[in-house]
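Student: I'm new to this structure. Can you show me how to read a few of its features?
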Amino acid sequence: MENEFSSMISGFSFAVPEKILTNFDMEKLVDTNDEWIRSRTGMQERHIADESTATSDLGTEAAKKALAKAGVKATDVDVIIFATATPDTPFPSTGCYVQRNIGAVNAAAFDISAACSGFLYGLSMADALIKGGGYKNILIIGGETLSKITDYTDRNTCVLFGDGAGAAVVQPSDGTRGIIHTLMKSDGRLVDLLNMPGGGSRIPASHESIDQRLHYIKMEGQEVFKHAVTAMGDAAVESLKKAGISSDELGLLIPHQANVRIMQATARRIKLPIEKVFMNVHKYGNTSAASIPIALTEAQEEGRLKEGDYCLLVSFGGGFTTGAVLFKM
Ligand code: ACO
């Protein structure tokens, strides 16, 4: 079919901390084992930031690489959108720290909070800003240091998360490729399934809140799993339908890397062979807003994403939030 493109993703990259925690390292922290983690999640290891590294440090590294790939100078960036659940500080935004670090003096910078869907919400906003706002160079970063809010005494959650950042530059389309369809959805009825209760205006930090371990991720794993399967499948179906593209025409599906079984279920829902699904959750765990840009970069580096291919990105996260972006490479 003939597509009309407004914007395109013209450069993307990622950064992860050096330190790796393997499943065998997790065995020393909590009552778990490599076999359980692999079979339930597909994860083998995850990268963990050191004490002195904040989310903006990883985001800055990823942003610099993405700008270099796109051939865009930092001073030409119009907007910086930083998607994260682990900002450096509640305010100012992590986007502003990156702006300072890269010298993007002409940009507007802000954060968005959409958990694991943050990067796709950012792409959707960038597409709209280019379509309606006349912006030219938009830098989107999805970055997390989830290790800072992970309870390493809770085996239900601590094996799942890792740190990292991915970045992309979105520009007006050259007319031959670009974003075809974007989708953003939320279901606030499900806020209690996955959250960090402490540290906001509801429960500000106090000795009591720390003693109650409220500054860590809390999750109803099985419930999240069920909703994630439905939400990701629905989003994938709707995106393909709205774009008028069949799953046969799809070159690659890059889902949020939360769990191999959730990704497999999403592929089954759109009748896509598993070979057309990109997965790297075994290397990074769930890096929330960073997972899709990290996967996108590795997919390209491994030759899985070729010029002219249709690629579908799909995510879910705390909120609940769901996102999808369909583009032609
Ligand atoms: N090691 C060993 N056993 C464990 C571990 C562990 N790390 N964690 C839990 N178990 C135990 C449980 O205690 C339970 O034991 P019990 O039966 O004696 O009570 C047993 O394993 C089975 O637990 P289930 O919850 O049934 O395991 P399940 O197959 O559902 O897998 C998992 C758990 C991996 C958490 C799964 O539910 C899942 O992936 N959920 C979605 C999580 C997710 O993607 N969250 C991120 C959302 S994105 C975002 O916004 C950050």
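Tutor: Axes are lines fitted to C-alpha atoms, for helices over the stretch in contact, and angles run from 0 to 180 degrees between N-to-C directions. This is a predicted model, where local features need pLDDT of at least 70, side-chain atom pairs count only at pLDDT 80 or more, and totals for chains, interfaces and linings use all residues. Residues are numbered from 1 along each chain as its sequence is written, and side-chain values use heavy atoms, with hydrogens and water left out.

Student: At roughly what angle do the axes of α3 and α4 cross?

Tutor: Angles under 35 degrees count as roughly parallel, over 145 as roughly antiparallel, 65 to 115 as roughly perpendicular and the rest as oblique. Helix α3 (residues 55-70) and helix α4 (residues 94-102) have axes that cross at roughly 55 degrees and come within 9 Å, so the two are oblique to each other. Contact means heavy atoms within 4.5 Å; on the α3 side T55, S56, G59, T60, A63, K64 and L67 take part, and on the α4 side T94, Y97, V98, N101 and I102.

Student: What about α8: how many residues does it have?

Tutor: The expected span of a helix is 1.5 Å times one less than its number of residues. Helix α8 (residues 221-243) has 23 residues, and its first and last C-alpha are 32 Å apart, close to the expected 33 Å. Just after α8, G244 has a positive phi of about 70 degrees.

Student: Which residues of α8 are buried?

Tutor: Buried means under 20% relative accessible area, exposed over 50%, and partly exposed in between (1.4 Å probe, protein chains only). Among the buried residues of α8 are V224, A228, A231, M232 and A235. In general, an α-helix has 3.6 residues a turn, so residues three or four places apart point the same way.

Student: Is G11 buried or exposed?

Tutor: G11 is buried, with a relative accessible area of 4%. G11 sits in strand β1 (residues 7-15) and touches residues including A66, K69 and V169.

Terms used. Helices (H or I, at least four residues) and strands (E, at least two) are DSSP runs, numbered from the N terminus.
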